Amino acid sequence: MTISTTTAPLSSAAPGPSTGTLPRVRPLAITALGVISPAGVGLEALADALAGATAPCADPAQLPLGPSEPDGLPDNIRVVPDFRLADHVGRRKTRHLDRTTGLGLAACALLRAAAGPPPGEDADPAWDSTGVVLGSTSGSVRSSSEFARDTHVHDRPYLVDAAAFPNTVMNSCTGQIAIWNGLHGINATLSGGTTATLAAFRYARNALDRGHADRLLVGGVEELCPQTAWGWAASGALAQGFPVGEGCALFAVQDAARAREDGAPVLAELLASETAFSPEGVRPGVGAVLADCVTRALERAGVDPADVGAVSLGATGLVGFEEAERRAVRRALGGRTVTEIRVKEVTGEAYSADGAFQLAAVLARTAPGQLSLVTGIGQDGHVACLVVRTGEGA
């Protein structure tokens, strides 16, 4: 197994206007997925919540916190309900795993169950060469902060819990997913804030195009904890009362033509993935850079802007960015307004898992054959876009 940690492969300067001559890229296929969110377990639970048939969980008692810790949470939160990792992977060797890793392992277990026999039971040998690419930004903020605190409050020689240390590194979750599932392919964690998952898809596309992998598990994970909530409150980046959330969504991705040859179900096609960066205070500004990013993605996908029917927005709830994202998409689509999918009203602000939930929401809410965009804006100037066509198997 190769474990590597990398930052998002984003360009370092704002791109110029698209020339309309960009080469097409080969579509990728999503053949299986695992979703665990504040709406519950599975894509159907998320679809029901998006349709208003059920309500997402907002009960702080669902988090494994100490008696005083819930006081650090805001009033409005989104929590994965009734989450017990043992329900998904069994109890063995789970005692020292944190919630971030648990959410990732649970989502992977759901994906493996949907894709075929579980590990060790006549599984497809292609799983051995499958890799993992995850957007996670900082790993588990709670594990890191609690381990650091222990170094100050425990007796010398700083009797910290050594078994808790692996949870403090950013790529702990991707490593555990590979170990538990016997995956020997690429293993990467991308740090990119609210656009981390979309950057992970761009990274995965590059790896697949260059023959570094045949199949990758791509997605994002984030856990809700008082430390994360404090960070959002201190930053002032979220609209007043907008919920903070958590969860994980993971997608099995491979070349679309190869997937069809293998007879795999095509839940959706990822026609293009683009990323860009808008330096603070430098024109043309983040909205214009996102509009150009969307235009480039559509050109690489060979899609006419008039054929796009929906957009899954990433800046919902982010102060100063929500309307900028909406204007940028409208500009890239020639002034057209399309159906908006606002998954963060169900999942809350899930930071590096935002893009994963946005993509899951597209599969949950759009009809086969529909073309959609998944867009994102980060407070640091990162922007990203996926072009998605929903498949017959969604």
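How many nonpolar, polar and charged residues does the lining of the largest cavity have? By class, there are 5 nonpolar, 1 polar and 4 charged residues in that lining. Please keep in mind that this is a predicted model.

**The largest cavity**

- The structure has 2 cavities of 30 Å³ or more, and the largest of them holds about 60 Å³ of space.
- Its lining is made up of Val311, Leu313, Arg326, Val329, Arg330, Leu333, Arg336, Thr337, Val338 and Glu340.

- By class, the lining of the second largest cavity counts 3 nonpolar, 7 polar and 1 charged residues.

**Strand β8 and its partners**

- With strand β2 (residues 28-37), β8 pairs in the antiparallel sense over 3 bridges.
- Within that pairing, you can look for Ala29, whose bridge partner in β8 is Glu269.
- β8 also pairs with strand β12 (residues 382-390), again in the antiparallel sense, over 9 bridges.
- For a landmark on this side, find Ala276, which stands opposite Val383 in β12.
- As background, side chains in a regular strand alternate between the two faces of the sheet.

**Gln254 in strand β7**

- Gln254 belongs to strand β7, which runs over residues 247-255.
- Is Gln254 buried or exposed? Gln254 counts as buried because its relative accessible area is 7%, and the cut-off for buried is under 20%.
- Setting aside neighbours within four places in sequence, Gln254 is in contact with Leu28, Ala29, Thr31, Leu208, Asp214, Arg215, Ala259 and Asp262.
- Ala29 therefore links two topics of this briefing, because Ala29 is among the contacts of Gln254 and has Glu269 of β8 as its bridge partner, while the buried state of Gln254 goes with its relative accessible area of 7%.

Methods. Residues are numbered from 1 along each chain as its sequence is written. This is a predicted model: local features need pLDDT of at least 70, side-chain atom pairs count only at pLDDT 80 or more; totals for chains, interfaces and linings use all residues. Side-chain values use heavy atoms; hydrogens and water are left out. On a 1 Å grid over the protein atoms alone, a cavity is a set of points where a 1.4 Å probe fits but cannot get out, and a pocket is an open set with protein on both sides within 12 Å along at least five of seven lines; lining residues have an atom within 4 Å of a point. Grid points are joined across faces, edges and corners, and a volume is the space filled by probe spheres set on the points. Ala, Val, Leu, Ile, Met, Phe, Trp, Tyr, Cys and Pro count as nonpolar, Asp, Glu, Lys and Arg as charged, and the others, Gly among them, as polar. Two strands pair if DSSP finds at least two bridges between them. Helices (H or I, at least four residues) and strands (E, at least two) are DSSP runs, numbered from the N terminus. Buried means under 20% relative accessible area, exposed over 50%, partly exposed in between (1.4 Å probe, protein chains only). Contact means heavy atoms within 4.5 Å.
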